Amino acid sequence: PGSRQLLRELYPHTGRARIVGVTGNPGCGKSTLVDALVRGYRKAERRVGVVAVDPSSPFSGGAILGDRIRMQRHAVDPGVFIRSLATRGHLGGISRSTDDVVSVLDAMGFDVVIVETVGVGQAEVEIVETAHLAIVVVVPGLGDEVQAMKAGILEVADLLCVNKADRPGAERAVQDLQQMLTLRTDSRPPPPILETVAVSGKGVEELRAALDARLEAGAGSGLWQEWQERRARRRVEELLRESLTRRALGRMPEQELGARIARVARRELDPFTLAEELAGLAPSTDGVRG
């Protein structure tokens, strides 16, 4: 219950960490790649925080938190802090509390905070509003043409990484990505495409160098302020939605709300009218057939 006040007090001490998102389809090796990036940052004597989001069971609500298991080599390193989060049904590839955890790590003085999304495919676009830069990871052999042309997450990429590039089809995957980039209609420069083999570390330093170059270029230009404002807007809107939803639902006792929802289920009342009533935009529907 006291977390919000603590976060208020922490907020003035945030805004210094470089926040990197890593997203991609399941099985593309995101956790192994993050582990290799952390190793590189530690060699460069930079403190790293990792927020690893794992999917929740739709039945128990629990999560295995397997990403943390894959990064055991950093468990005793005081310059690395890994926090696993369950999505708890939150869509967009991240958890509802991701921003808060990132803020805590930022305030703790970590130089880089890496947010690894849950790995569910096309819905993971929220990471672009949580991180300063996003790495989108793909692998050869997963129907590359469809993967490149259809996956909405590719549109949020600041860097494209073809991982497991020692597999057959890696060259084709790069070509598919290059073809996809020619179809972009925005004015942003196309993201670079890098090949890695995260298990062996091949190409990881090149990826980290490209990432750092983009981060530093952004920090030295108006992009940094744009990134910060984008993150701030998303957080304010998210908190506003939570507050308004909580206030709206509190306008009506739970038993009465349940009765109204039952009326919606019976088609005696439409959901739009009930939502407007809870928001205070419509008169009460008590006794009125929808």
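**Exercise 1.** How many aromatic pairs does the structure hold?

*Solution.* This is a predicted model, in which local features need pLDDT of at least 70 and side-chain atom pairs count only at pLDDT 80 or more, while totals for chains, interfaces and linings use all residues. Residues are numbered from 1 along each chain as its sequence is written, and side-chain values use heavy atoms, with hydrogens and water left out. Rings of Phe, Tyr and Trp (its six-membered ring) pair if their centres lie within 6.5 Å, and the structure holds one such aromatic pair. The ring centres of Trp224 and Trp227 are 6.0 Å apart with planes at 70°, so the pair is edge-to-face (planes over 60 degrees apart; under 30 is stacked, the rest tilted). Trp224 and Trp227 are three residues apart in helix α9, and so about one helical turn separates them.

**Exercise 2.** Describe how helices α8 and α9 cross, and name the residues that meet.

*Solution.* Helices are DSSP runs (H or I, at least four residues), numbered from the N terminus. The axes of α8 (residues 204-219) and α9 (residues 223-249), which are lines fitted to C-alpha atoms over the stretch in contact, with angles running from 0 to 180 degrees between N-to-C directions, come within 6 Å and cross at roughly 95°. The two helices α8 and α9 are therefore roughly perpendicular (65 to 115 degrees). In the contact (heavy atoms within 4.5 Å), Arg214, Leu215, Gly218 and Ala219 of α8 meet Leu223, Trp224 and Trp227 of α9.

Conventions: Parallel < 35°, antiparallel > 145°, perpendicular 65-115°, else oblique.
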